[in-house]
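Reader: I have just opened this one and would like a slow walk through it. Could you take my questions as they come?

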Amino acid sequence: MIATSWNALEPIWQGGSELVQTGLPHQQLAPAWQILLLGDGSPTRHLQLLTGEPTEVDVIDMSAIGMDKDGAPSSLSVVPGPRVRRQVWLKTASGQRLAYATSWWEARHIDEYLENKSLPIWASLAKLRTELYRDVQGIYYGDSPMLAQAFGEPGPFWGRHYLFWHHGQPLTLIYEVFSPYLQRYLGKIS
């Protein structure tokens with residue numbers, strides 16, 4: 001089944017790049033969660049280190065969207081088109097869903113960077129030794145009935161979006177939402 005849309009949070013609260021740079025009060029978002037959400041490291045690698053299991057990807061959508069804005073964050077405008085939208089679940093090898101992610105890629109380069117589409121982006125780019133800059137631009141706290149059902153956890157959820165830059169050029173825009181299940185490893189969210 002091909003998904004015709006993606007799962008954005010219905011924000012209760014959101015912040016831009018200035019909050020990403022300064023961080024949030026610890027009573028709003030615990031320090032361990034801030035490292036995951038506001039840091040510029042690889043979430044798939046972090047999830048693997050937290051759970052002690054390989055992080056796997058379930059690709060649920062690969063859709064050509066052309067030049068459509070797709071309801072994506074406005075940063076999408078810097079990713080050249082036509083574009084492909086990819087939606088995945090990040091999960092443990094034992095099947096526990098840990099995060100949902102949507103990414104938008106320039107159609108003519110997606111095969112170059114995601115040779116094996118079933119691998120996490122981090123694994124694909126590491127294999128190619130691609131140097132990247134992760135530019136976290138927004139953070140969200142919000143609800144999604146679909147994600148609550150899929151995670152088996154009630155919301156609200158924390159999410160973020162960021163651009164990957166490679167050789168000074170935008171490579172992809174990524175929007176991620178993390179499951180509250182991760183509290184088992186990171187402690188309480190706030």
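Author: What follows is a conversation about a predicted model, moving from the overall layout to the details.

Reader: Let's start simple: how many helices and strands does the protein have?

Author: There are seven helices and seven strands in the protein, and along the sequence they come in the pattern β-α-α-α-β-β-β-α-α-β-α-β-β-α. Of its 190 residues, 50% count as buried.

Reader: Which strands does β5 pair with, starting with β1?

Author: Strand β1, residues 10–15, is joined to β5 by five bridges, and the two run antiparallel; within that pairing, Pro-11 stands opposite Gly-142 of β5. β5 is also joined to β6, again antiparallel, by nine bridges, and there Val-136 has Tyr-162 in β6 as its bridge partner.

Reader: And how many of the residues of β5 are buried?

Author: Eight of the 11 residues of β5, which spans 133–143, are buried, so the strand is largely enclosed by the rest of the structure.

Reader: Switching to helices, which residues of α3 are buried?

Author: In α3, residues 43–51, the buried ones are Pro-43, Thr-44, Leu-47 and Thr-51. Viewed down the helix axis, these buried residues fall within an arc of 100 degrees, so they line one face of α3.

Reader: New topic, then: how many salt bridges does the structure hold?

Author: The structure holds six salt bridges. One of them pairs Arg-85 with Asp-70, whose closest N and O atoms are 2.8 Å apart. Arg-85 lies in strand β3 (83–92) while Asp-70 lies in the loop between β2 (55–66) and β3, so the pair ties together parts that are 15 residues apart in sequence.

Reader: Are those two buried or exposed?

Author: Both Arg-85 and Asp-70 are buried, the relative accessibility of Asp-70 being 14%. Asp-70 also has a phi near 60 degrees, a positive value in a residue other than glycine.

Reader: Which other salt bridges could I look at, say around Arg-184?

Author: Arg-184 forms a salt bridge with Glu-153, with 3.5 Å between the closest N and O atoms. Since Arg-184 is in helix α7 (183–186) and Glu-153 is in the loop between α6 (145–151) and β6 (157–166), the pair ties together parts that are 31 residues apart in sequence. Arg-184 counts as exposed at 54% relative accessibility, whereas Glu-153 counts as buried at 16%.

Reader: Which residues are joined into a network by salt bridges that share partners?

Author: Asp-61, Asp-70 and Arg-85 are joined into one network in that way.

Reader: What about Glu-106, what does its side chain meet?

Author: The side chain of Glu-106 meets that of Arg-108 in a salt bridge, at 2.6 Å from N to O. Glu-106 is buried, with a relative accessible area of 9%, but Arg-108 is exposed, at 64%.

Reader: Moving on to pockets, what volume does the largest one have?

Author: The largest pocket has a volume of about 160 Å³. It is lined by 10 residues, and the closest to its centre are Glu-106, His-109, Gln-169, Pro-170 and Leu-171.

Reader: Which strand gives the most to that lining?

Author: That is β7, which gives three residues to the lining of the largest pocket; β4 (97–106) and β7 (169–178) each supply at least two. By class, the lining has six nonpolar, three polar and one charged residues.

Technical notes: Residues are numbered from 1 along each chain as its sequence is written. This is a predicted model: local features need pLDDT of at least 70, side-chain atom pairs count only at pLDDT 80 or more; totals for chains, interfaces and linings use all residues. Side-chain values use heavy atoms; hydrogens and water are left out. On a 1 Å grid over the protein atoms alone, a cavity is a set of points where a 1.4 Å probe fits but cannot get out, and a pocket is an open set with protein on both sides within 12 Å along at least five of seven lines; lining residues have an atom within 4 Å of a point. Grid points are joined across faces, edges and corners, and a volume is the space filled by probe spheres set on the points. Helices (H or I, at least four residues) and strands (E, at least two) are DSSP runs, numbered from the N terminus. Ala, Val, Leu, Ile, Met, Phe, Trp, Tyr, Cys and Pro count as nonpolar, Asp, Glu, Lys and Arg as charged, and the others, Gly among them, as polar. A salt bridge is a side-chain nitrogen of Lys or Arg within 4 Å of a carboxyl oxygen of Asp or Glu. Buried means under 20% relative accessible area, exposed over 50%, partly exposed in between (1.4 Å probe, protein chains only). The arc is that of the directions from the helix axis to the C-beta atoms. Two strands pair if DSSP finds at least two bridges between them.
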